[in-house]
Amino acid sequence: MSRREFIMSSTKDILPDGYTKVDYLQSSGTQWIDMGIAPDQNTKVILKILATNLNGSSGVSLIGSRSSNNSSDQFFTYISADQGFLFRVDGDEAPSAFTKFKVNTLYTITLSASRFLVYDNGNRVLAMYLSSSDFTSTVTMALFRAKPFSMGFIGNIYVCKHYNNDHLIQHFVPCLDSDGIPCMYDLVSKTAFYNQGTGSFTWG
């Protein structure tokens, strides 16, 4: 059995008829998805990603939301060539940083109000343990972008799992729908989430 046949056989019972699983969706920085759920202190996400461009010192964002630069409802990510991967939650005065973040490297990243973990090819390269006050945002989270930052992630997202109180509430997998349109399909709500930005996702 080929690798693609194995992928299709293992997902055909959980994806809608006519949908095709792909390895990843790729954004050029202007495509993004609204997750439809606002973060709070119990939010946790686990992502498998590969960045292809960090947009120089201007940077990009990956996932999250906040109402303003210094608001106390942050679940916000920012990545740049000079600062690495920054994660800010709640009203933290300064973000937590993974300064060794590199392009063209496959990472698995866990973000929550209590921890910031990064794995590179299965090896843990960052473990930060955080503390946060209770908060509830009014701004829904985005994927491939952190609202309201304008420049989104440039690269591939392979999977995103979204938890609240360690209960899985969204499990996004990259797919092509029955019309061949790229989307993230949520295996929990059984709903397809489409690009809310400009241009089109590519895939691989």
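**Figure 1. N55 in the loop between β4 and β5 of the predicted model.** In this predicted model, N55 is found in the loop that runs between strand β4 (43–53) and strand β5 (63–65). The backbone of N55 has a phi near 60°, which is a positive value in a residue other than glycine. Most residues other than glycine have a negative phi.

**Figure 2. N121 in the loop between β10 and β11.** A further positive phi in a residue other than glycine, near 55°, belongs to N121. N121 is placed in the loop that has strand β10 (115–120) on one side and strand β11 (123–129) on the other. The relative accessibility of N121 is 68%, and N121 therefore counts as exposed.

**Figure 3. The cis peptide bond between K147 and P148.** The peptide bond that joins K147 and P148 is cis, with omega at about 0°. Most peptide bonds, by contrast, are trans. P148 belongs to the loop between strand β12 (142–143) and strand β13 (154–164).

Figure 4. S27 is part of strand β2, which covers residues 25–28, and its relative accessibility of 3% makes S27 count as buried. Two backbone atoms lie close to polar atoms of the S27 side chain: the backbone nitrogen of G29 is 2.9 Å from such an atom, and the backbone oxygen of F153 is 3.3 Å from such an atom. When residues up to four places away in sequence are not counted, S27 touches F144, F153, I154, G155 and F201.

**Figure 5. T198 in the loop between β16 and β17.** T198 is located in the loop between strand β16 (191–193) and strand β17 (202–203), and T198 is exposed, with a relative accessible area of 52%. Leaving aside residues up to four places away in sequence, T198 touches T30 and Q31. The C-alpha atoms of T198 and G29 are 9.2 Å apart in space, although these residues are separated by 169 residues in sequence.

**Figure 6. H167 in strand β14.** H167 lies in strand β14, which consists of residues 167–176, and H167 is exposed, with a relative accessible area of 53%. From C-alpha to C-alpha, H167 and S72 are 24 Å apart in space, and 95 residues separate them in sequence.

**Figure 7. The whole chain, as a setting for the close-up views.** The chain has one helix and 17 strands, and its C-alpha trace spans about 50 × 35 × 30 Å along the principal axes. For 204 residues, a compact globule would have a radius of gyration near 17 Å, and the 16 Å of the chain agrees with this. Buried residues make up 49% of the 204 residues, while the chain exposes about 9,400 Å², of which carbon and sulfur atoms supply 47%. Of the contacts between residues at least 6 apart in sequence, 61% join residues at least 24 apart. The chain carries 16 positive and 17 negative charges, and the mean positions of the two groups are 7 Å apart.

How values were computed: Residues numbered from 1 in each chain as written. Predicted model: local features only at pLDDT ≥ 70, side-chain atom pairs only at ≥ 80, totals over all residues. Heavy atoms only, no water. Helix = DSSP H or I, 4+ residues; strand = E, 2+ residues; numbered from the N terminus. Rg over C-alpha atoms; globule rule 2.2 N^0.38 Å. Buried < 20%, exposed > 50% of the residue type's maximum accessible area, 1.4 Å probe, protein only. Contact = heavy atoms within 4.5 Å. Areas by Shrake-Rupley, 256 points an atom, 1.4 Å probe, with all protein chains shown as cover. Lys, Arg positive; Asp, Glu negative; His and termini not counted. Charge placed at Lys NZ, Arg CZ, Asp CG, Glu CD. Polar contact = N/O pair within 3.5 Å; in protein donor to acceptor, adjacent residues only side chain to side chain.
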